[in-house]
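Visitor: I would like to learn how to read the features of a model like this one. Please show me the structure, and we can start with the chains.

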Amino acid sequence: MIGGLFIYNHKGEVLISRVYRDDIGRNAVDAFRVNVIHARQQVRSPVTNIARTSFFHIKRSNIWLACVTKQNVNAGLVFEFLNKMVEVMQSYFGKISEDNIKNNFVLIYELLDEILDFGYPQNADTSILKTFITQTGIKAQVTKEEQSQITSQVTGQISWRREGIKYRRNELFLDVLENVNLLMSPQGQVLSAHVAGRIVMKSYLSGMPECKFGINDKLVLDKSGRSDDPSKVSATGKASIAIDDCTFHQCVRLSKFETEHSISFIPPDGEYELMRYRTTKDISLPFRVIPLVREVGRTKMEVKVVIKSNFKPSLLAQKIEVRIPTPLNTSGVQVICMKGKAKYKASENAIVWKLKRMGGMKESQISAEIELLPSDKKKWSRPPISMNFEVPFAPSGLKVRYLKVFEPKLNYSDHDVIKWVRYIGRSGLYETRC
Amino acid sequence: MPFFAGNDTIKELRTALADPAVQADKNRYRQVLRRVVSLMTDGADMSPLFPDIIKASATSDLVQKKLTYLYICNYAAVQQDLALLAVNTLQKDCLEPNPMVRGLALRTMCSLRIPSLVEYIQMPLKKGLQDSSAYVRRNAVNGCAKMLHVAPEIIQDAGVIDQLYGMIRDKDPIVVVNCLQALEEILQAEGGVVVNKNIAHYLLNRVQDFSEWGQCQVLHFLLKYKPSEEEETFDIMNIVDVCLKHSNSGVIMAALKYFLFLTRDMPQIQEQVYNRAKSPLLNIITSGGPELSYVALCHIQYILKTSPGLFNKDFKKFFCRYNDPLYVKTKKLQVLTEMATDGTENDIVEELSMYCTDVSNDLATASIQAIGKIARRLPTSASHCVGTLLKIHGLQQEHITSAVLMALKDLVLLYPDIVPKVTPLLPNCVDLVQEGPAKATLVWMMGQYGHTLPNGPYILEDMVENVASEISVQVKLELLTATAKMFFSRPAECQDMLGRLLEYCIDEDTNMAVRDRALMYYRLLHTDVQQARRVILGAANRPVQIQDSDAPGQEVINLKDLNTLVPIYGRRRWDVMVEERRRKEDQAKLTNGTSDDTDMGAEGGEEDNLETLEETIYLVSHYNLTPQEFETKWEQLDCVTTVHLDYNPTHSPNALLQKLEGAHIFTMASSPEDATPWKAFLFAVAEMKDQTHLMLVELCLDRMAATMQATCKFDADQMEDAVPLISQFGRVLRGTITSSS
């Protein structure tokens, strides 16, 4: 399995090195630095083989994390592990940066000891780990009570929730977060579009509650024969949606999902991601971008971009940003826009047009004249126009139909739980070629 | 960067550790320890503090304990004598009431890996296996695997193995997984942990209890059990089906492999499994990080080899995003190329042509090559592809034009009817294309088709003028041929420049190959012009068969390779790596008596019976093979390895062949003794495991560098057979050739 794990800064200095197996020598640390970090070229593959040793790396901001092994391992597992490691570290000290890693190195070593033993991943659940790790808490002396907690943790059947949790107010927050991705041709033809959605929950519930959760998934509704109920038509005008693929948090009883298409689970305490899904059909694209690029001679270009919002007029989109790339040899830009603020950013080679908010079914446009320095160099590769925004609905059309909480042992019922549901649609890679 | 912390620092730290004021204040004491550990991480030698740290380890403060244990693990190997002192504390800690401390102590103890301490560790380890706390048991089980490398005799004891087998039924899921992993390592020589029906069913019933990492491992171990009935197989698939929905892509892949493995004898169901796997794989590509997406793409590429049509409907999912890293883009490009079939090829070619303006020249070049590849594979799409290539050519960029030319070169031979479309472009390329291989292609095309251009000879003439400044040998050779060809179709315009070119190449050029070719042309033309025409024009007009070795649908993938590194590195590269590693290990064995690498992966089991060559590989002393058979075999076989050897100039090549004959490696054909380069084709037949394998060798001798290169091809159906064959035959060859007398 994993023979060792190294963390480097952008210069290739080792911040953390932990070797789990004898077959990995100290020189492995240097081999990766020399061959990958210092190679000064684009990374050819996230898996590198140096002298029969495989290095798997990921990069977060300017920190490199590398797993190394001599065995024939499962690459998917290793990368998932690295991602998990990053997640765990983030939950302890926020952003992954050189300073944070240096300040927390004792904690990181401790984490590495608990998460991996002899190169085999053990338990990597943040909430569980907190009971093993001494470094965060100032109270390091393990009290009697905590001790028994650890034992129940360690032997408990449900590994993601400990017993005896109590809250005065039982609350449940549910966020449907969607990233809508689009690639559109200049003619307005959708080349590819998909929504990657996540349902994130924050639960503050006492005891060992059981939750039931329903969405307007086509399969579920067809089964119960309610798909043609007109009152269920959602904001985007669709009764039910087709989910291409979904994955769930460990706590969800998948057998029930398979047979009854109901999502039932005993939730972990605090924040977690309940479900992740992807849809590709009938996506309501919140915005359309219509580009018009005209090259007037060799030293001038005219760009006109129209954006149209395509959702209910009562809703408001926020944080809209349109990024129009300009050629490398741009010498000057004049921008005219009716709404919002637009600026040419020479360092980013782009015109950035920002709008604070925009209502549904509206349109807005920007036009720009770009002056070019004469150059017969490479033809400009015309990167796509990209867009960022945030809208208060789910572009996939997903709706939460119900969310029920049962706790048979304690005396609170579904009505006593305060529930909050929120939909946020954000742009993923939302690009229109021009 | 290792550096030496000054004595002052160490002295200062030592005083701080001994200072009663510091010892009294827990936080201050921790600070000091933290500094020690931080200096240690930077590579400073902190080993002189060992006794002080051992003293510090006898504490009830858990934080302090963890820090000191980290230090002890790091330096125990250097301070072996003093490590004994640490064991005392550790042993005491193993009896603590707090399970955290017990587990920690046990883990640290097993991580010391010092043979002399084994006797002290044995007892706590055995006790740990029966501990009431699961945390301690987890560490104890892993401890067994760690100790295996220090004291195998203790761990391989039947008692321990039985106990570990028993602990597969432990109620803590992590203990179960650790047990399986430990047993797999301990029993490596016997083929790893045995999974019988009982264990398999038990694991399947608990599959939901395991953590995501545990599920990956368990699914891997379940591969060892083959259900006896079809019904059982379906039951198993129903249970494991949930794993395909897991959010961890490692689990999804492991489940997928298991499914394919279960259905390997049921082709129809296997097809369904592939279909079932489609959407999770696509999901990883679109929403996983770039690294995971790369891994999934590699697997898709691998799967496409057996079921080429699988992703045809979803080809748009493989379009590159602007922000994808280069490696993802390159992989997507390869997958798209392989996916192109009737119906999708136009869209795919359209998309590929978008990438040729990518910022990365490599990707641009690759996309053009990909279009060429599609055209070669699908004759129906050829005209569309050529049209696209010609359009791309209009971009007037050096790297693009070069790539387009090279792609077109292959196509004109295959589809002669596109020639009239291509030739008018050639004059435009002359100024743009400067790099060696692309320029050689251009010159070749000028020679082949340039005679239809009105100014054809004059374009060549410019090049002939500048031949002195040309560096590339390849370009010069092509220029000679092209000018000679042009001479036969447009003699009046070319005679003069051909003369000048031949003169330059014969008199002034320093490269032998160039001179030889010029001399040959000169003599040919000198003796008989008609004969020369036949030779020079005839040779290139042969129809050229292009073999597309990596066309999809031609290989049957090995299911075992899924979910390993093989799809990521590619079959061939992986085989070379395995082979190299084996050689390294052999060398280590010869020099040290023991292998450096303690852990050698799954193939390690065979290592023991490779000690003497004669035992396993036996070359047959008589075998008849006709040259025709040799040739067809040479074309067919694709299991190839290359061996580099030193050449001893005191032996003549013929003596060498004799020597090889003595070792039962027969000569099929060879060049004359003094030819340069000297080549020989050899063959041998090996008997191994009651099977015979044919091996073909091409031996090339480079006299200048005194080296030889042997390209060996093997006739083996199974990869498992080929690997030992390759390594052993390589050694026989090396041994015979380098042995004196």
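Visitor: How many residues of chain A are in contact with residues of chain B?

Guide: Contact means heavy atoms within 4.5 Å. In this predicted model, 90 residues of chain A are in contact with 93 residues of chain B.

Visitor: What area do chain A and chain B bury between them?

Guide: Buried area is the accessible area (1.4 Å probe) that two parts lose on being put together, summed over both. Here the two chains bury about 8,500 Å², with 53% of it on carbon and sulfur atoms.

Visitor: How many salt bridges are there between chain A and chain B?

Guide: A salt bridge puts a side-chain nitrogen of Lys or Arg within 4 Å of a carboxyl oxygen of Asp or Glu. Between chain A and chain B the count is 9. One of the salt bridges joins B:R107 to A:E114, whose closest N and O atoms are 3.4 Å apart.

Visitor: What pLDDT does chain A average?

Guide: pLDDT is the predictor's confidence in each residue, from 0 to 100. Chain A averages 82, and 87% of the residues score at least 70. Over residues 137–156 of chain A, pLDDT stays under 50. Residues 224–237 of chain A are also below 50.

Visitor: Which conventions apply?

Guide: Residues are numbered from 1 along each chain as its sequence is written, and chains are lettered from A and ligands numbered from 1 in the order in which they are written. Local features need pLDDT of at least 70, side-chain atom pairs count only at pLDDT 80 or more, and totals for chains, interfaces and linings use all residues, while side-chain values use heavy atoms, with hydrogens and water left out.
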